[in-house]
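Colleague: I am new to this structure and would like a close look at a single part of it. Could you take me through one residue and its surroundings, and then widen the view step by step?

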Amino acid sequence: MAPLLGYWNLRGLGQHVRLLLEYTGQEYQEKVYSIQTGTEWASDKYNLGLDMPNLPYYIDGDLKLTQSSAIMYHIGRKYNMCGETEKEKAHVDMLVNQAIDLRMKYIILVYETYDTQKEQYLKELQDYLKLTQSSAIMYHIGRKYNMCGETENEKAHVDMLVNQATDLRMKHVILVYETYDTQKEQYLKELQDHLKVFSDYLCSKTWFIGDKITVADFIIYELLDIHMKLDPSCLSSFNNLQQFHRRFEELPAIKKYMASPRFISKPLNGPAAKFDIQ
Ligand SMILES: N[C@@H](CCC(=O)N[C@@H](CS)C(=O)NCC(=O)O)C(=O)O
């Protein structure tokens, strides 16, 4: 059966997936949800067997993916469109993440600050050319040490986890730099739902993908740790995440690094943040 792409009846994060599918000639079916009613998605959301229920989703046989970048890479790998050499792959990652950053700023502009910030946004847009990107660096190192998943299924799941973690980190950034004074309680309440997704996914596995550690575990460990600093009891309902956190810190190389003077334990954030540890 042809893969199924599900998304709203608008462009949003579904559009680049649609364009890639059309370009590659990959046969696919589309499930278009009405954002005006939202009812059909509400009834499908938790009934499609998605590990991290969201839109867009892409169901390709037994692979059920969300996170638009994970979907792009999955299709891209199939058609050899993620770069050929390691240098090309790293640059594809960097560009994709650069574009995601800019899209996030664009979303904040069009949904929140359009009336007051449009001119400033258009000015900063001109400078948006710094070529770094932490995920690209993680994947580059990860590929070198075979830590990005072995099978296509594992690779796609690593991508999905990394992007799921990036979504939560983005919410965390907005909290600590912007809304901390008024939204902390609400954030901590919603955090439980986000953590449950990771906890259910991890289940009783050692690492998120299975027995072998991948780059996703590093990103998720750090994300959990900064949330434990924000709310020391946030993992109390998630025994497996607590064990994961401990297991990671017990890795001999990590333990050694954390005990060394090279380890930076604080501050967590930049000087403009409204929250940090003493
Ligand atoms: N980082 C995710 C973001 C996904 C997302 O925010 N999806 C929005 C539409 S663009 C949505 O409405 N999701 C459905 C839901 O949250 O139930 C991705 O790249 O796929």
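Modeller: Let us start with Phe 244, which is found in helix H8; helices (H or I, at least four residues) and strands (E, at least two) are DSSP runs, numbered from the N terminus. This is a predicted model, in which local features need pLDDT of at least 70 and side-chain atom pairs count only at pLDDT 80 or more, while totals for chains, interfaces and linings use all residues. Residues are numbered from 1 along each chain as its sequence is written, and side-chain values use heavy atoms, with hydrogens and water left out.

At 0% relative accessibility, Phe 244 counts as buried, where buried means under 20% relative accessible area, exposed over 50%, and partly exposed in between (1.4 Å probe, protein chains only). Leaving aside its neighbours within four places in sequence, Phe 244 is in contact with Leu 202, Thr 206, Trp 207, Phe 208, Asp 217, Ile 220, Tyr 221 and Leu 224, contact meaning heavy atoms within 4.5 Å. The C-alpha atom of Phe 244 is separated by 16 Å from that of Val 158, a residue 86 residues apart from it along the chain.

Turning to the helix itself, H8 covers residues 239-250, has 12 residues, and reaches 16 Å from its first C-alpha to its last, close to the 16 Å expected at 1.5 Å a residue; the expected span is 1.5 Å times one less than the number of residues. Its buried residues are Asn 240, Leu 241, Phe 244, His 245 and Phe 248. The buried residues of H8 pack against helix H6 (152-202), helix H7 (215-230) and helix H9 (252-259).

Two packed helices are described by the angle between their axes and the distance between the axes. H6 and H8 pack at an angle of about 75°, with their axes 8 Å apart; axes are lines fitted to C-alpha atoms, for helices over the stretch in contact, and angles run from 0 to 180 degrees between N-to-C directions. H6 and H8 are therefore roughly perpendicular to each other, since angles under 35 degrees count as roughly parallel, over 145 as roughly antiparallel, 65 to 115 as roughly perpendicular and the rest as oblique. On the H6 side the contact is made by Leu 195, Phe 198, Ser 199 and Leu 202, and on the H8 side by Asn 240, Leu 241 and Phe 244. By class, the residues of this contact of H6 with H8 divide into five nonpolar, two polar and no charged; Ala, Val, Leu, Ile, Met, Phe, Trp, Tyr, Cys and Pro count as nonpolar, Asp, Glu, Lys and Arg as charged, and the others, Gly among them, as polar.

On the side of H7, Asp 225 is found in that helix and is buried, with a relative accessible area of 12%. Leaving aside its neighbours within four places in sequence, Asp 225 is in contact with His 245 and Glu 249.

H7 also has a partner in helix H5 (residues 134-144), and the axes of H5 and H7 come within 9 Å and cross at roughly 140°. That makes H5 oblique to H7. Here Met 138, Tyr 139 and Gly 142 in H5 meet Val 215, Phe 218 and Ile 219 in H7, and the contact of H5 with H7 has five nonpolar, one polar and no charged residues.
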